[in-house]
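Subject: Structure handover

Hello,

The structure we discussed is below, and my notes on it follow. Please read them alongside the coordinates.

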Amino acid sequence: MVNPELLEILVCPETKQGLSMASPDILGRVNEAVVGKKLQNQGGDRVKERIEEGLVREDGKVLYPVKDDIPVMLLDEAIRLDTLP
């Protein structure tokens, strides 16, 4: 889990909006798309591994995956939630 103090200072590198932990509902939708081989990140690569944790941008349109308790804050690795199948 992301350190709460770190979460308070993290922002989206693109829009500078705040971030919050992804809800189980969002993670479920994302992982359905992963299993169905229908999910790509913003860099155009297919997401092959389930997302156990993620940070969602304030506007709810983008998810940044968290791997081994470390947020991956790269724009190409981000997942557009507003384009989920």
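Leucine 81 touches Ile26, Arg29, Val30, Val56, Gly60, Lys61, Val62 and Leu63, leaving aside residues up to four places away in sequence; contact here means heavy atoms within 4.5 Å. Leu81 is also among the residues with the most contacts inside the largest nonpolar core, together with Ile26, Val30, Leu39, Ile51, Leu63 and Ile79. That core has 14 residues, and its largest share, five residues, comes from H2. A second, separate core has eleven residues, including Leu7, Cys12, Val66 and Ala78. A nonpolar core is a set of buried Ala, Val, Leu, Ile, Met, Phe, Trp, Tyr and Cys residues joined through side-chain atoms within 4.5 Å. Buried means under 20% relative accessible area, exposed means over 50%, and partly exposed is in between (1.4 Å probe, protein chains only).

Before the rest, the conventions. This is a predicted model, in which local features need pLDDT of at least 70 and side-chain atom pairs count only at pLDDT 80 or more, while totals for chains, interfaces and linings use all residues. Residues are numbered from 1 along each chain as its sequence is written, and side-chain values use heavy atoms, with hydrogens and water left out.

Overall fold

The protein has two helices and five strands, in the order α-β-α-β-β-β-β along the sequence. Helices (H or I, at least four residues) and strands (E, at least two) are DSSP runs, numbered from the N terminus. For 85 residues, a compact globule would have a radius of gyration near 12 Å, and the protein agrees with this at 12 Å. The radius is taken over C-alpha atoms, and the globule rule is 2.2 Å times the number of residues to the power 0.38. Along the principal axes, the C-alpha atoms fill a box of roughly 35 × 25 × 20 Å. Of the 85 residues, 40% count as buried. Among contacts between residues at least 6 apart in sequence, 52% join residues at least 24 apart.

Helix H2

H2 covers residues 24-35, and its end C-alpha atoms are 16 Å apart, in agreement with the 16 Å that twelve residues should span at 1.5 Å a residue. The expected span is 1.5 Å times one less than the number of residues. Which residues of H2 are buried? They are Ile26, Leu27, Val30, Asn31, Ala33 and Val34. Seen down the helix axis, the buried residues fall within an arc of 155 degrees, so they line one face of H2; the arc is that of the directions from the axis to the C-beta atoms. On the other side, Pro24, Asp25, Glu32 and Val35 are exposed. The cover over the buried residues of H2 includes E2, strand E3 (62-67) and strand E5 (79-80). After H2 comes lysine 37, whose phi is positive, near 60 degrees.

Salt bridges

How many salt bridges does a search of the whole structure find? It finds four, a salt bridge being a side-chain nitrogen of Lys or Arg within 4 Å of a carboxyl oxygen of Asp or Glu.

One of them joins the side chains of Glu14 and Arg57 (3.2 Å, N to O). Glu14 lies in the loop between helix H1 (4-9) and strand E1 (19-21), and Arg57 in strand E2 (residues 53-57), so the pair ties together parts that are 43 residues apart in sequence. Arg57 also pairs with Asp59 (2.9 Å, N to O), and Glu14, Arg57 and Asp59 are linked in a network of salt bridges. Arg57 is buried at 5% relative accessible area, while Glu14 is partly exposed at 46% and Asp59 is partly exposed at 34%.

Another salt bridge joins Asp82 and Arg80 (2.8 Å, N to O). Asp82 is partly exposed at 45%, and Arg80 is partly exposed at 26%.

Valine 2

Val2 sits in the segment before H1 and is buried, at 3% relative accessibility. Not counting residues up to four places away in sequence, Val2 touches Leu7, Met21, Glu53, Leu55, Val66, Asp69 and Pro71. The C-alpha atoms of Val2 and Lys67 are separated by 9.7 Å, with the two residues 65 apart along the chain.

Regards
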